[in-house]
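Here are my notes for you to read alongside the model. Have the 3D view open and follow the points in order.

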Amino acid sequence: MNLHATPSDQLEFDDPSVANLLFGPRNAHLDLLAGASGAQITSRGASVLVRHENPAVRQRLCNLFVQLYELLRSGESLSQQDIARAYRMLESDPGVQIAQIYRDAVFISTPGRTVTARNVAQKAYLEALRQHEMVFAVGPAGTGKTYLAVAMALSMLAQHRVKRIILTRPAVEAGERLGFLPGDLAEKVNPYLRPLYDALYDMMPQPKVAGMMETGVIEVAPLAFMRGRTLNDAFIILDEAQNTTREQMKMFLTRLGFGSRAVITGDTSQIDLPSQNGDDPQSRSGLVHALRILRGVTGIGFTHFSKEDVVRHPLVGAIVSAYDSTTL
(Lines give C-alpha, C1' and ligand atoms only; values in the text may rest on other atoms or scores of the structure.)
Protein backbone atom coordinates (compact mmCIF):
# COMPACT_ATOMS: atom_id res chain seq x y z
CA MET A 1 0.00 0.00 0.00
CA ASN A 2 1.41 3.42 -0.99
CA LEU A 3 1.08 6.24 1.51
CA HIS A 4 0.97 9.78 0.10
CA ALA A 5 2.28 12.55 2.36
CA THR A 6 0.81 15.99 1.76
CA PRO A 7 3.57 18.51 0.97
CA SER A 8 4.19 20.95 3.79
CA ASP A 9 6.13 24.08 4.75
CA GLN A 10 7.17 25.04 8.26
CA LEU A 11 7.98 28.42 9.80
CA GLU A 12 9.76 28.97 13.10
CA PHE A 13 9.30 32.30 14.90
CA ASP A 14 11.83 33.68 17.37
CA ASP A 15 9.38 35.26 19.84
CA PRO A 16 6.85 32.79 21.30
CA SER A 17 4.65 35.55 22.77
CA VAL A 18 4.24 37.25 19.37
CA ALA A 19 3.71 33.86 17.73
CA ASN A 20 0.86 33.18 20.17
CA LEU A 21 -0.77 36.45 19.15
CA LEU A 22 -0.37 35.42 15.52
CA PHE A 23 -1.94 32.00 16.07
CA GLY A 24 -4.82 33.45 18.10
CA PRO A 25 -6.52 32.12 21.22
CA ARG A 26 -6.66 28.31 20.93
CA ASN A 27 -5.29 28.68 17.38
CA ALA A 28 -8.44 30.58 16.29
CA HIS A 29 -6.54 32.54 13.62
CA LEU A 30 -5.00 29.37 12.21
CA ASP A 31 -8.42 27.70 12.06
CA LEU A 32 -9.81 30.75 10.26
CA LEU A 33 -7.07 30.64 7.64
CA ALA A 34 -7.37 26.88 7.26
CA GLY A 35 -11.05 27.31 6.42
CA ALA A 36 -10.33 30.13 3.96
CA SER A 37 -7.48 28.34 2.16
CA GLY A 38 -8.35 24.66 2.45
CA ALA A 39 -4.94 23.97 3.99
CA GLN A 40 -4.11 22.04 7.15
CA ILE A 41 -2.43 24.43 9.58
CA THR A 42 -1.04 23.34 12.93
CA SER A 43 1.23 24.93 15.49
CA ARG A 44 3.76 23.64 17.96
CA GLY A 45 5.45 26.06 20.30
CA ALA A 46 6.51 29.05 18.18
CA SER A 47 6.36 27.17 14.86
CA VAL A 48 3.55 26.70 12.35
CA LEU A 49 3.18 23.89 9.82
CA VAL A 50 1.21 24.40 6.60
CA ARG A 51 0.08 21.37 4.57
CA HIS A 52 -1.47 21.69 1.10
CA GLU A 53 -0.99 20.05 -2.31
CA ASN A 54 -0.74 23.41 -4.07
CA PRO A 55 2.62 25.13 -3.45
CA ALA A 56 1.07 28.52 -4.30
CA VAL A 57 -1.34 28.16 -1.37
CA ARG A 58 1.49 27.20 0.99
CA GLN A 59 3.61 30.11 -0.22
CA ARG A 60 0.70 32.56 0.21
CA LEU A 61 0.06 31.41 3.78
CA CYS A 62 3.75 31.51 4.70
CA ASN A 63 4.03 35.00 3.22
CA LEU A 64 0.96 36.02 5.23
CA PHE A 65 2.35 34.61 8.48
CA VAL A 66 5.69 36.39 8.02
CA GLN A 67 4.04 39.75 7.28
CA LEU A 68 1.51 39.50 10.11
CA TYR A 69 4.23 38.42 12.55
CA GLU A 70 6.24 41.54 11.73
CA LEU A 71 3.15 43.71 12.17
CA LEU A 72 2.42 42.20 15.57
CA ARG A 73 6.04 42.50 16.65
CA SER A 74 5.96 46.22 15.82
CA GLY A 75 3.07 46.71 18.24
CA GLU A 76 0.08 46.53 15.91
CA SER A 77 -3.00 44.66 17.13
CA LEU A 78 -4.91 42.42 14.73
CA SER A 79 -8.43 41.04 15.01
CA GLN A 80 -9.84 37.98 13.28
CA GLN A 81 -11.39 40.32 10.71
CA ASP A 82 -7.96 41.84 10.06
CA ILE A 83 -6.47 38.37 9.57
CA ALA A 84 -9.21 37.41 7.10
CA ARG A 85 -8.84 40.68 5.16
CA ALA A 86 -5.08 40.26 4.98
CA TYR A 87 -5.48 36.79 3.48
CA ARG A 88 -7.94 38.10 0.87
CA MET A 89 -5.50 40.90 -0.01
CA LEU A 90 -2.70 38.41 -0.68
CA GLU A 91 -5.12 36.19 -2.59
CA SER A 92 -5.94 39.02 -4.98
CA ASP A 93 -2.40 40.49 -5.09
CA PRO A 94 0.45 38.15 -4.02
CA GLY A 95 2.92 41.05 -3.97
CA VAL A 96 0.95 43.29 -1.62
CA GLN A 97 2.77 44.70 1.42
CA ILE A 98 0.22 44.38 4.22
CA ALA A 99 2.11 46.58 6.69
CA GLN A 100 2.18 49.45 4.20
CA ILE A 101 -1.58 49.24 3.80
CA TYR A 102 -2.37 48.97 7.52
CA ARG A 103 -0.09 51.88 8.33
CA ASP A 104 -1.47 54.14 5.61
CA ALA A 105 -3.40 56.36 8.00
CA VAL A 106 -5.60 59.40 7.70
CA PHE A 107 -4.87 61.40 10.84
CA ILE A 108 -7.73 63.44 12.23
CA SER A 109 -7.69 66.11 14.91
CA THR A 110 -8.81 64.04 17.88
CA PRO A 111 -6.28 62.67 20.38
CA GLY A 112 -5.24 59.10 19.67
CA ARG A 113 -7.77 58.56 16.88
CA THR A 114 -6.68 57.49 13.42
CA VAL A 115 -8.47 55.98 10.47
CA THR A 116 -6.53 53.47 8.37
CA ALA A 117 -6.96 51.63 5.09
CA ARG A 118 -8.04 48.04 5.73
CA ASN A 119 -7.62 46.57 2.25
CA VAL A 120 -6.10 47.23 -1.18
CA ALA A 121 -9.18 49.05 -2.49
CA GLN A 122 -9.26 51.42 0.48
CA LYS A 123 -5.56 52.17 0.06
CA ALA A 124 -6.18 53.03 -3.61
CA TYR A 125 -9.12 55.19 -2.51
CA LEU A 126 -7.00 57.15 -0.01
CA GLU A 127 -4.36 57.71 -2.66
CA ALA A 128 -7.02 58.95 -5.09
CA LEU A 129 -8.40 61.33 -2.43
CA ARG A 130 -4.93 62.80 -1.92
CA GLN A 131 -4.09 63.13 -5.61
CA HIS A 132 -7.33 64.30 -7.25
CA GLU A 133 -9.58 67.29 -6.74
CA MET A 134 -12.62 65.18 -7.65
CA VAL A 135 -13.07 61.49 -6.84
CA PHE A 136 -15.91 59.05 -7.57
CA ALA A 137 -16.13 56.09 -5.18
CA VAL A 138 -18.58 53.36 -6.19
CA GLY A 139 -19.40 50.09 -4.45
CA PRO A 140 -21.61 48.28 -1.93
CA ALA A 141 -22.44 49.38 1.60
CA GLY A 142 -19.78 48.76 4.22
CA THR A 143 -16.73 49.38 2.04
CA GLY A 144 -15.80 52.68 3.73
CA LYS A 145 -16.62 55.05 0.86
CA THR A 146 -18.22 57.77 2.99
CA TYR A 147 -16.32 57.07 6.21
CA LEU A 148 -12.88 57.48 4.62
CA ALA A 149 -14.02 60.57 2.72
CA VAL A 150 -15.16 62.20 5.98
CA ALA A 151 -11.86 61.24 7.64
CA MET A 152 -9.89 62.77 4.78
CA ALA A 153 -12.02 65.91 4.95
CA LEU A 154 -11.32 66.31 8.68
CA SER A 155 -7.62 65.64 8.08
CA MET A 156 -7.38 68.35 5.39
CA LEU A 157 -9.36 70.76 7.56
CA ALA A 158 -6.92 70.21 10.43
CA GLN A 159 -4.02 70.86 8.02
CA HIS A 160 -5.74 74.10 6.83
CA ARG A 161 -5.83 72.77 3.28
CA VAL A 162 -9.57 73.55 3.22
CA LYS A 163 -11.59 76.01 5.28
CA ARG A 164 -14.84 74.07 5.60
CA ILE A 165 -16.51 70.72 5.05
CA ILE A 166 -19.82 70.32 3.26
CA LEU A 167 -21.65 66.99 3.43
CA THR A 168 -24.72 66.48 1.30
CA ARG A 169 -27.18 63.81 0.19
CA PRO A 170 -30.20 63.71 -2.09
CA ALA A 171 -33.39 63.45 -0.02
CA VAL A 172 -35.10 60.64 -1.93
CA GLU A 173 -38.53 59.96 -0.46
CA ALA A 174 -39.26 56.35 0.46
CA GLY A 175 -43.02 56.22 0.92
CA GLU A 176 -43.20 59.48 2.87
CA ARG A 177 -43.40 63.00 1.53
CA LEU A 178 -41.22 65.58 3.26
CA GLY A 179 -44.15 67.95 3.66
CA PHE A 180 -46.04 65.46 5.79
CA LEU A 181 -43.16 64.77 8.17
CA PRO A 182 -43.26 66.68 11.50
CA GLY A 183 -41.05 69.68 12.32
CA ASP A 184 -39.38 72.47 10.40
CA LEU A 185 -37.34 71.94 7.21
CA ALA A 186 -34.15 71.00 9.10
CA GLU A 187 -36.03 68.38 11.12
CA LYS A 188 -37.73 67.03 7.99
CA VAL A 189 -34.47 66.36 6.14
CA ASN A 190 -32.46 65.27 9.18
CA PRO A 191 -33.26 61.53 8.86
CA TYR A 192 -31.79 61.51 5.33
CA LEU A 193 -28.53 63.02 6.61
CA ARG A 194 -28.16 60.84 9.72
CA PRO A 195 -25.40 58.58 8.28
CA LEU A 196 -23.23 61.65 7.66
CA TYR A 197 -23.66 62.77 11.26
CA ASP A 198 -22.81 59.24 12.42
CA ALA A 199 -19.47 59.33 10.57
CA LEU A 200 -18.61 62.72 12.08
CA TYR A 201 -19.54 61.68 15.62
CA ASP A 202 -17.41 58.54 15.31
CA MET A 203 -14.32 60.69 14.72
CA MET A 204 -14.99 63.77 16.84
CA PRO A 205 -16.83 64.52 20.10
CA GLN A 206 -20.42 65.56 19.46
CA PRO A 207 -20.05 68.99 21.19
CA LYS A 208 -17.08 69.82 18.95
CA VAL A 209 -19.05 68.83 15.84
CA ALA A 210 -21.97 70.96 17.03
CA GLY A 211 -19.67 73.95 17.58
CA MET A 212 -18.15 73.63 14.11
CA MET A 213 -21.62 73.40 12.59
CA GLU A 214 -22.72 76.53 14.43
CA THR A 215 -19.79 78.48 12.99
CA GLY A 216 -20.33 77.02 9.48
CA VAL A 217 -17.02 75.15 9.39
CA ILE A 218 -19.04 71.94 8.90
CA GLU A 219 -22.29 72.00 6.96
CA VAL A 220 -24.62 69.04 6.52
CA ALA A 221 -27.42 69.75 4.08
CA PRO A 222 -29.68 68.13 1.50
CA LEU A 223 -28.52 68.35 -2.10
CA ALA A 224 -31.22 70.87 -3.01
CA PHE A 225 -29.43 73.44 -0.81
CA MET A 226 -26.40 73.35 -3.16
CA ARG A 227 -28.19 74.98 -6.08
CA GLY A 228 -26.85 78.39 -7.10
CA ARG A 229 -23.77 78.23 -4.88
CA THR A 230 -20.06 78.33 -5.73
CA LEU A 231 -18.08 76.49 -3.07
CA ASN A 232 -14.49 77.69 -2.63
CA ASP A 233 -11.86 76.25 -0.25
CA ALA A 234 -14.22 73.44 0.74
CA PHE A 235 -14.14 69.66 0.99
CA ILE A 236 -17.50 68.60 -0.43
CA ILE A 237 -18.91 65.07 -0.12
CA LEU A 238 -21.97 63.95 -2.05
CA ASP A 239 -23.20 60.71 -0.48
CA GLU A 240 -25.73 58.24 -1.97
CA ALA A 241 -25.10 59.82 -5.37
CA GLN A 242 -26.87 56.99 -7.19
CA ASN A 243 -30.12 58.68 -6.15
CA THR A 244 -29.36 61.95 -7.92
CA THR A 245 -30.93 62.70 -11.28
CA ARG A 246 -28.73 63.72 -14.21
CA GLU A 247 -29.71 67.35 -13.65
CA GLN A 248 -28.90 67.21 -9.94
CA MET A 249 -25.51 65.62 -10.60
CA LYS A 250 -24.57 68.27 -13.15
CA MET A 251 -25.70 70.97 -10.73
CA PHE A 252 -23.53 69.50 -7.95
CA LEU A 253 -20.42 68.96 -10.06
CA THR A 254 -20.50 72.55 -11.31
CA ARG A 255 -20.53 73.92 -7.71
CA LEU A 256 -16.80 73.18 -7.35
CA GLY A 257 -14.85 76.37 -6.68
CA PHE A 258 -11.18 77.30 -6.33
CA GLY A 259 -9.26 75.39 -3.66
CA SER A 260 -12.04 72.85 -3.26
CA ARG A 261 -12.26 69.08 -3.49
CA ALA A 262 -15.31 66.95 -4.21
CA VAL A 263 -15.99 63.29 -3.42
CA ILE A 264 -18.98 61.53 -4.92
CA THR A 265 -19.93 58.20 -3.34
CA GLY A 266 -22.66 55.75 -4.25
CA ASP A 267 -23.79 52.22 -5.05
CA THR A 268 -25.23 51.75 -8.54
CA SER A 269 -27.03 48.58 -7.41
CA GLN A 270 -29.09 50.54 -4.85
CA ILE A 271 -30.91 53.14 -6.94
CA ASP A 272 -34.13 54.31 -5.27
CA LEU A 273 -35.23 56.81 -7.91
CA PRO A 274 -38.82 56.28 -9.06
CA SER A 275 -39.51 55.44 -12.70
CA GLN A 276 -40.62 58.43 -14.77
CA ASN A 277 -42.12 58.68 -18.25
CA GLY A 278 -41.24 55.06 -18.89
CA ASP A 279 -37.55 55.54 -18.01
CA ASP A 280 -36.07 52.96 -15.68
CA PRO A 281 -34.26 54.24 -12.52
CA GLN A 282 -30.85 53.09 -13.84
CA SER A 283 -31.08 55.37 -16.86
CA ARG A 284 -32.19 58.31 -14.68
CA SER A 285 -29.36 58.03 -12.17
CA GLY A 286 -26.96 60.95 -12.29
CA LEU A 287 -24.16 58.76 -10.91
CA VAL A 288 -24.50 56.13 -13.65
CA HIS A 289 -24.56 58.89 -16.28
CA ALA A 290 -21.56 60.73 -14.79
CA LEU A 291 -19.46 57.56 -14.58
CA ARG A 292 -20.06 57.01 -18.28
CA ILE A 293 -19.36 60.50 -19.61
CA LEU A 294 -16.58 61.63 -17.23
CA ARG A 295 -14.36 58.57 -17.48
CA GLY A 296 -11.82 60.27 -19.73
CA VAL A 297 -11.72 63.66 -17.98
CA THR A 298 -8.24 64.47 -16.66
CA GLY A 299 -8.07 65.26 -12.95
CA ILE A 300 -10.96 63.02 -11.84
CA GLY A 301 -10.20 59.84 -9.87
CA PHE A 302 -12.35 56.72 -9.83
CA THR A 303 -12.32 53.95 -7.19
CA HIS A 304 -14.51 50.86 -7.51
CA PHE A 305 -15.19 48.63 -4.51
CA SER A 306 -16.62 45.10 -4.56
CA LYS A 307 -18.33 42.94 -1.94
CA GLU A 308 -14.88 41.50 -1.06
CA ASP A 309 -13.94 44.98 0.21
CA VAL A 310 -16.73 45.16 2.83
CA VAL A 311 -15.15 46.01 6.18
CA ARG A 312 -18.17 45.96 8.45
CA HIS A 313 -19.24 42.95 10.51
CA PRO A 314 -18.47 39.73 8.56
CA LEU A 315 -22.21 39.09 8.22
CA VAL A 316 -22.52 42.23 6.06
CA GLY A 317 -20.29 40.71 3.38
CA ALA A 318 -22.29 37.46 3.51
CA ILE A 319 -25.57 39.36 3.20
CA VAL A 320 -24.30 41.38 0.22
CA SER A 321 -23.21 38.13 -1.49
CA ALA A 322 -26.58 36.48 -0.79
CA TYR A 323 -28.50 39.38 -2.29
CA ASP A 324 -26.16 39.56 -5.29
CA SER A 325 -26.88 35.90 -6.08
CA THR A 326 -30.67 36.23 -5.69
CA THR A 327 -33.18 37.74 -8.09
CA LEU A 328 -35.74 39.74 -6.11
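1. Start with a helix and a sheet. Helix H12 (residues 286-293) lies across E6, E10 and E11, at about 120° to E6. Helices (H or I, at least four residues) and strands (E, at least two) are DSSP runs, numbered from the N terminus; axes are lines fitted to C-alpha atoms, for helices over the stretch in contact (heavy atoms within 4.5 Å), and angles run from 0 to 180 degrees between N-to-C directions.

2. A word on the source. This is a predicted model, where local features need pLDDT of at least 70, side-chain atom pairs count only at pLDDT 80 or more, and totals for chains, interfaces and linings use all residues. Residues are numbered from 1 along each chain as its sequence is written, and side-chain values use heavy atoms, with hydrogens and water left out.

3. Now the sheet itself. Six strands make an open, parallel sheet in the order E8-E7-E9-E10-E6-E11; two strands pair if DSSP finds at least two bridges between them. Strand E8 (218-222) and strand E11 (300-304) are the edges, each pairing on one side only. Neighbouring strands here are turned by 15° against each other on average, direction ignored. As one example, five bridges join E7 (residues 164-169) to E9 (residues 234-238), and Thr168 has Leu238 as its bridge partner in E9.

4. Which two rings stack? Look at Phe136 and Phe302. There are five aromatic pairs (Phe, Tyr or Trp rings, the six-membered one for Trp, with centres within 6.5 Å; stacked under 30 degrees between planes, edge-to-face over 60, tilted for the rest). Phe136 and Phe302 form a stacked pair, 5.4 Å centre to centre with 15° between the planes. Phe136 is in strand E6 and Phe302 in strand E11, so the pair ties together parts 166 residues apart in sequence. Phe136 is buried at 0% relative accessibility, and Phe302 is buried at 19% (buried means under 20% relative accessible area, exposed over 50%, partly exposed in between, with a 1.4 Å probe and protein chains only).

5. Arg295 lies over its face, 4.0 Å from the ring centre (the rule asks for NZ of Lys or CZ of Arg within 6 Å of the centre and within 35 degrees of the ring normal).

6. Finally, a hairpin. E2 (residues 40-44) and E3 (residues 47-51) run antiparallel, joined by five bridges. Two residues sit between these strands, and Gly45 in the turn has a positive phi of about 60°. Ile41 has Val50 as its bridge partner in E3.
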